[in-house]
Amino acid sequence: MEVKMDNHIYDVLIIGGGPGGIQTALTYSEVCRENGTEPNMVVLEAFNRAGYSFTKYPVHEKLISNNKLYTGKPFKSRYAERFDWNSLITKEKNILMRNYSQDFYPNRKAIVDMLNDLIDECHIPISYDTQWIQTNKTEQGLFEVVTTKGTFTSRTVVVATGLKPVIPKIEGIEHITMYENMKTKESYRDKRVLILGKGNSGLECAQEILNEANVIMVASPSSAKMAYKTHYVGNIRAVNSIFAENYQLKHQAALLDCHIKSIEKVATGFNVNVEYIHAEGEVETLFFNEVIAATGFKSNIDQLIKDFNIQLMHKKFPSINGVFESTEVSNLYFAGAQTHGLDYRGYSTSGFIHGFRYNSRILANHLAEKFNISKMEKSLVQDPSKRILDELNESPELWLQPGYVGYQLKFDGHHWYENGHRTINEFKDSTLNTNELTFFISLEYGDIRKFEETFSIPRVPGDATQSVHIHPVIRVKQGDEIIKYDLEEHLESKFDDDLYIPVIKEIVTNALEKESSLSY
């Protein structure tokens, strides 16, 4: 739904029409309409269609996010959502990735088509061809967002401008080919090629030219990390790991742990000066016909840093709190991959659609509460133990954001009621200011990375504290303390009534007994 420029003051202004921004808009619109009002909101998109970054990345077009079609349960169920890593979430679920691709790893174009159909189907107010120039904040606390179509005014701003490639500070880097400008694979035929970066983009490039180049080397200061070992999906996925096998089999392939000191352009290629990490600092000059830089991504917020001097986490992501609000600028929020700072390289997945879509939903509900749009009456829970078990068995939020997003229950002294899905950061911060008994239910891994052999991790039946694979965790806030309870893992994560309800009931009963003895 295209919007026209006017002098209107919006409640919510979203910069960026990628998956993070559109998911925020979808959920916010749903909440508003469920409560009898149209969303006072606008999305600003710099291009003529949403999802522009997916017209460029991944460069070789294949996504690495699962599109699992069959799970044994209805495809619109919450359980099936755990294995659909590309769809955005709506109440009706009429538009899902399965409508656009039957492939386990879809083509990136499917994301673009899905996003734009969602915008049309759900009547999302959006202004296309609207490039963001700068942002100011007035004395009244309003944001003025200056664009190529004029200035938009809003009470809150959500920045969802995605990520942009990192350009490393290496002497001579200006001479080489950047990831987004990689040539056709035939251009590398029978050549020596160096790729900078051992992430998925670098290994994707190597795999693309594996049968074209004669020698391929992939270099970075840190060693390659496989996602199946670290349980971090930002590390190298198995679909991009063929090159690693070629390296181990000495098949004209190498993974170099080194610093690139300089790149010199010469007549037929490049002389690259490298300093090895594991060879006592040995320095060597290697020749390559072609050099490609696929050195990762960082938040695309340079202008915002100039406007407000906001701080970064991990030198990549904006500093945020548990509801994705800037730690420096009130009412300035972030969505999409820019929310990855709080769980970067952890077991949860805020750098990817299947993770940050839930962050966007939490953010949208927070904004609806902020503007008194969502109904404030409490959703009562008659049997907290059964409700907890249902959430553990069905919730995609807990499954795909392990240890980060949880389901919250509260007891007000008389009744149990739902408090929705929250981040663990918000839970820990907000519970400091309330005396209500609060439960935070999540699914989490143990310290899985301490085991060298990923496929032979021991299990200790009967001792839930030794559970390493994904398993239920219940945190209980009472008084000034938070108590953590681990429940035992299960091979298929099917937590049945007979084994788990008694354990959960005991935790609930003990908490209630303790609650009755506390005086505030």
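This is a predicted model: local features need pLDDT of at least 70, side-chain atom pairs count only at pLDDT 80 or more; totals for chains, interfaces and linings use all residues.
The second largest pocket is lined by 35 residues, and those nearest its centre are Asn365, Glu369, Asn419, Gly420 and His421.

- Several elements each give two or more residues to its lining: the helices are H1 (19-34), H2 (78-81), H8 (353-370), H9 (384-394) and H10 (396-400), and the strands are S20 (405-411) and S21 (416-423).
- Sorted by class, the lining has 16 charged residues, 10 polar ones and 9 nonpolar ones.

**Cavities**

- How many cavities of 30 Å³ or more does the structure hold? There are 3 of them.
- The largest cavity has a volume of about 70 Å³, and its lining is made up of Asn67, Lys68, Leu69, Phe75, Ala80, Glu81, Asp84, Leu96 and Arg98.
- Split by class, that lining gives 4 nonpolar, 4 charged and 1 polar residues.
- The second largest cavity has a volume of about 50 Å³.
- Around the second largest cavity you'll find Pro165, Val166, Met178, Tyr179, Glu180 and Ser201, along with the run Ala293, Ala294, Thr295, Gly296 and Phe297.
- Here the class count is 7 nonpolar, 3 polar and 1 charged.

- Look for Thr130 in the loop that runs between strand S3 (126-127) and strand S4 (132-137).
- The side chain of Thr130 makes a polar contact of 2.6 Å with the side chain of Ser127.
- A polar atom of that Thr130 side chain also sits 2.8 Å from the backbone oxygen of Tyr128.
- Leaving aside residues up to four places away in sequence, Thr130 touches Leu44, Glu45 and Ala46, plus Thr147, Thr148, Lys149 and Phe152.

**His471: buried in a strand**

- His471 belongs to strand S23, which covers residues 471-478.
- Is His471 buried or exposed? It counts as buried, because its relative accessibility is 1%.
- The side chain of His471 has a polar contact of 2.8 Å with the side chain of Asp486, and it also reaches the backbone oxygen of His469 at 2.8 Å.
- Beyond residues up to four places away in sequence, His471 touches two stretches of chain: Ser442, Leu443, Glu444, Tyr445 and Gly446, and then Asp486, Leu487, Glu488 and Glu489.

**Phe287: partly exposed**

- Phe287 is part of strand S13 (residues 283-288).
- With 27% relative accessibility, Phe287 counts as partly exposed.
- Phe287 and Phe270 are 17 residues apart along the chain, yet their C-alpha atoms are separated by 5.7 Å.
- The contacts of Phe287, not counting residues up to four places away in sequence, are Arg192, Val266, Thr268, Gly269, Phe270 and Asn271.

**Cysteines**

- A disulfide is a covalent bond between the sulfur atoms of two cysteines.
- The count here is 0 disulfides.
- Cys258 is in no disulfide either, as the nearest cysteine sulfur, in Cys205, is 17 Å away.
- Cys32 counts as buried, at 0% relative accessibility, and Cys258 is buried too, with a relative accessible area of 1%.

- Tyr57 and Pro58 are joined by a cis peptide bond, with omega at about -10 degrees.
- Pro58 is found in the loop between strand S2 (41-44) and helix H2.
- Lys93 has a positive phi, near 55 degrees, despite being a residue other than glycine.
- Its place is in the loop between H2 and helix H3 (109-121), and at 10% relative accessibility Lys93 counts as buried.
- Arg345 also has a positive phi in a residue other than glycine, with a value near 60 degrees.
- You'll see Arg345 in the loop between strand S18 (332-334) and H8, where it counts as partly exposed at 42% relative accessibility.

Note on methods:
Residues are numbered from 1 along each chain as its sequence is written. Side-chain values use heavy atoms; hydrogens and water are left out. Helices (H or I, at least four residues) and strands (E, at least two) are DSSP runs, numbered from the N terminus. A polar contact is a pair of N or O atoms within 3.5 Å; within protein, one must be able to donate a hydrogen and the other to accept it, and residues adjacent in sequence count only if both atoms are side-chain atoms. Contact means heavy atoms within 4.5 Å. On a 1 Å grid over the protein atoms alone, a cavity is a set of points where a 1.4 Å probe fits but cannot get out, and a pocket is an open set with protein on both sides within 12 Å along at least five of seven lines; lining residues have an atom within 4 Å of a point. Grid points are joined across faces, edges and corners, and a volume is the space filled by probe spheres set on the points. Ala, Val, Leu, Ile, Met, Phe, Trp, Tyr, Cys and Pro count as nonpolar, Asp, Glu, Lys and Arg as charged, and the others, Gly among them, as polar. A disulfide is a pair of cysteine sulfur atoms within 2.5 Å. Buried means under 20% relative accessible area, exposed over 50%, partly exposed in between (1.4 Å probe, protein chains only).
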